[in-house]
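Reader: I would like a close look at one part of this model, the contact between its chains, with the parts around that contact described as well. Please go through it in order and give the cut-offs for each term.

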Amino acid sequence: MLTFTLRRLLLAIPTLLLISLVIFFLVDLAPGSPASEIPLTVPAEVRMKILEAMGVNEPVYVRYGLWLKQFFYVEPLTGIDAIFGSNYAEGMQRIISYQTRSPVFDIIVQRLPQTLIVIGTAYLVGILIAVPIGIYSAYRQYSIFDQLGTLLAMIGFSVPTFFSGTLLIILFAVGLGWFPTKYDTTLTVTDWDTFWQQVRQMTLPVMTLGLANAASISRYMRSSMLENMGQDYVRTARAKGMSERTVVLKHVLRNSMIPVVTVIALGIPSIFGGAIITENMFGVSGIGSALIGAIHANDLPMVQTLAFIFAILIVLFNLIADVLYGLLDPRIRYD
Amino acid sequence: MTDATTAIEKPASQMRAIWQQFRTHKGALFGLIVLGTLILAVVLGPFLWVPEKMSVAKAIMLKNQGPSWRFPLGTDQLGRDMLARMLDAGKVSLAVGFVAMMIAIFVGTTIGILAGYFKRLDGPLMRLTDMFLALPLIPLLLVMVMLFRDRIAGLVGPEMGAFLLIVFAIGVTSWMQAARIVRGEVLALKEREYVLAARSIGAIPRRIILRHILPNVVSPVMVAATLGVAEAIITESVLSFLGLGFPPDFPTWGRLLYDGLSYMQIYPERVIWPGVAISLTVLSVNYIGDGLRDALDPRIRGR
């Protein structure tokens with residue numbers, strides 16, 4: 001298992017390097033170069049100075065190398081400095097956003113909590129809805145509940161989140177006025193009142209994403225349960241005279257959770273991608289909306305860095321899913 | 001003698017067997033009817049529903065109208081007939097879905113067959129597939145559209161440019177599933193006796209692939225293709241929703257929804273119509289895919 005994990009980790013390095021190359025060069029092809037953002041009234045020599053200071057005059061492979069070094073060396077060191085109060089990264093050039101002229105990672109660190117709170121809750125809510133539905137649908141296969149669940153799940157992953165979110169806004173925020181339409185990022189939870197406000201403003205985005213996730217996870221849960229229900233060990237457990245409850249919730253559920261857990265792990269990075277829409281719609285200023293803002297503003301370093309972080313998340317969670325599968329299911333041996 | 005042959009019951013063709021199975025899937029039948037209606041509506045609709053020609057000044061007077069006999073879906077903020085816009089938008093949305101799917105399936109099948117059939121290519125091509133699977137697609141699509149929109153618009157005009165760019169971008173980022181499925185099938189198929197027989201009589205790889213292997217991977221590819229249409233339509237509307245899709249005078253359902261968002265509080269129907277259209281299309285395509293999967297699987301079909 002350990003050798004497998006190590007081998008996969010080593011294999012991830014060239015993959016990530018290749019992805020970083022693709023992302024960097026694709027974004028770098030941008031016709032809207034930083035030079036076009038400088039007003040034409042700026043004299044030519046000053047313009048040259050500005051470009052030089054931004055470091056965009058270097059050939060592309062130099063900038064790529066520098067960006068890699070900043071991403072994998074300078075920024076982690078800066079992180080260590082921030083945690084332990086040391087000063088390893090002092091005087092080193094960090095990745096600077098064109099938009100705000102501040103380090104990209106500072107913006108990400110500011111924005112990440114918003115994303116994690118909203119999206120994390122949504123994913124959790126989705127799982128909590130999906131697992132019981134999946135279990136019951138499988139236990140009573142072809143019952144009314146199961147057919148209704150199947151229909152709702154089909155609708156759940158056919159209706160795109162931007163439409164279901166809009167419908168929720170029209171219904172609950174505009175029509176009934178129960179929840180605010182926009183998420184207030186500046187709100188800090190200090191007492192019960194602000195906590196309640198936070199819960200209210202989180203409800204709509206969490207519902208939008210949570211329902212979409214619940215739809216697909218409940219399907220996996222159902223089919224995995226169905227696969228295990230017909231197994232011999234279930235019959236044995238019943239023959240031993242165990243209660244239905246123990247059979248279903250202990251024996252079958254545990255075995256059925258193995259593929260579901262890996263599906264959940266695999267879904268986490270795509271949540272960040274899908275969150276771009278939800279964040280944009282509800283005005284949650286997380287990293288998804290930071291990415292959209294950066295794309296609209298031609299902020300190349302920000303786009304490159306964020307896109308690469310998304311890629312790292314995908315590779316990482318793929319690895320985690322594989323390792324989890326091996327750990328949970330002793331029948332699977334990678335070596 | 002001829003009478004005797006006609007007396008024998010006509011063996012059910014494979015297509016008929018598939019159709020029989022497909023018909024038993026209620027959702028798939030519903031999907032087929034809904035999708036057929038939608039396609040008919042967007043293809044024939046513009047001929048049957050010709051919005052009246054009027055000057056800009058007159059159109060502006062008629063802006064933001066509710067549903068009426070003259071404007072069944074009302075008018076938008078510029079006095080344009082919403083029904084005509086919905087039909088136009090639907091044509092583009094569906095065209096994007098189908099063309100993008102065809103690109104994705106073509107690329108995916110080619111890569112899958114090459115990887116499955118030629119051992120030397122298997123490693124590199126599958127690593128490429130893995131890499132594409134690890135790319136953050138929505139951010140990259142946004143970047144691609146943002147970066148190349150103006151350049152391509154300069155070459156072939158803004159409308160065709162947006163269409164080509166988006167279709168191509170979606171196509172080249174969604175072929176991976178098809179490639180994996182096809183590779184798996186080809187790996188199993190090429191060990192079959194009939195492929196060995198073909199090889200033993202000296203058939204060249206091109207002929208083996210085109211005549212013997214390709215026809216046998218059609219059914220999984222068809223299922224992947226159906227689901228690919230749904231995915232492409234959703235991806236396009238996401239791009240439009242984020243303001244990076246089609247221009248407003250060449251709308252898709254996603255773009256109409258995006259335009260309607262600003263008036264959501266007063267005229268919610270302007271968001272609901274395109275949203276319902278997208279959702280219905282995707283739902284019916286998903287159901288058709290579901291039904292096809294059952295119908296094309298001989299293990300299920302027999303029962």
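Author: The account below begins with the contact between the chains, then turns to the domains and the salt bridges.

This is a predicted model, in which local features need pLDDT of at least 70 and side-chain atom pairs count only at pLDDT 80 or more, while totals for chains, interfaces and linings use all residues. Residues are numbered from 1 along each chain as its sequence is written, chains are lettered from A and ligands numbered from 1 in the order in which they are written, and side-chain values use heavy atoms, with hydrogens and water left out.

The interface of chain A and chain B involves 39 residues from chain A and 37 residues from chain B, where contact means heavy atoms within 4.5 Å. Between them the two chains bury about 3300 Å², with 84% of it on carbon and sulfur atoms; buried area is the accessible area (1.4 Å probe) that two parts lose on being put together, summed over both. Met154(A), Phe162(A) and Phe163(A) supply 18% of the area that chain A buries against chain B, more than any other three residues. The elements of chain A that give two or more residues to this side are α1 (2-28), α5 (144-158), α6 (161-175), α9 (244-282), α10 (287-296) and α11 (300-328). Helices (H or I, at least four residues) and strands (E, at least two) are DSSP runs, numbered from the N terminus. By class, the side of chain A that touches chain B has 33 nonpolar, six polar and no charged residues. Here Ala, Val, Leu, Ile, Met, Phe, Trp, Tyr, Cys and Pro count as nonpolar, Asp, Glu, Lys and Arg as charged, and the others, Gly among them, as polar.

Across the interface of chain A and chain B there are zero salt bridges, a salt bridge being a side-chain nitrogen of Lys or Arg within 4 Å of a carboxyl oxygen of Asp or Glu. One residue pair is in polar contact across the interface of chain A and chain B, both residues at pLDDT 80 or more. A polar contact is a pair of N or O atoms within 3.5 Å; within protein, one must be able to donate a hydrogen and the other to accept it, and residues adjacent in sequence count only if both atoms are side-chain atoms.

Within chain A, the domain assignment, automatic or from a database, gives domain 1 (32-93) and domain 2 (104-328). Their contact takes six residues from domain 1 of chain A and eight residues from domain 2 of chain A. These two domains of chain A bury about 680 Å² between them, 72% of it on carbon and sulfur atoms.

Over all chains the structure holds 10 salt bridges. One of them joins the side chains of Asp259(B) and Arg85(B), at 3.8 Å from N to O. Asp259(B) lies in helix α13 (residues 253-261) of chain B and Arg85(B) in helix α5 (residues 82-117) of chain B, so the pair links distant parts of the chain, 174 residues apart. Asp259(B) and Arg85(B) are both buried, where buried means under 20% relative accessible area, exposed over 50%, and partly exposed in between (1.4 Å probe, protein chains only). Arg85(B), Arg255(B) and Asp259(B) are linked in a network of salt bridges.

Asp290(B) forms a salt bridge with Arg293(B), the closest N and O atoms being 3.1 Å apart. Both residues lie in helix α14 (residues 269-296) of chain B. Arg293(B) counts as partly exposed because its relative accessible area is 41%.
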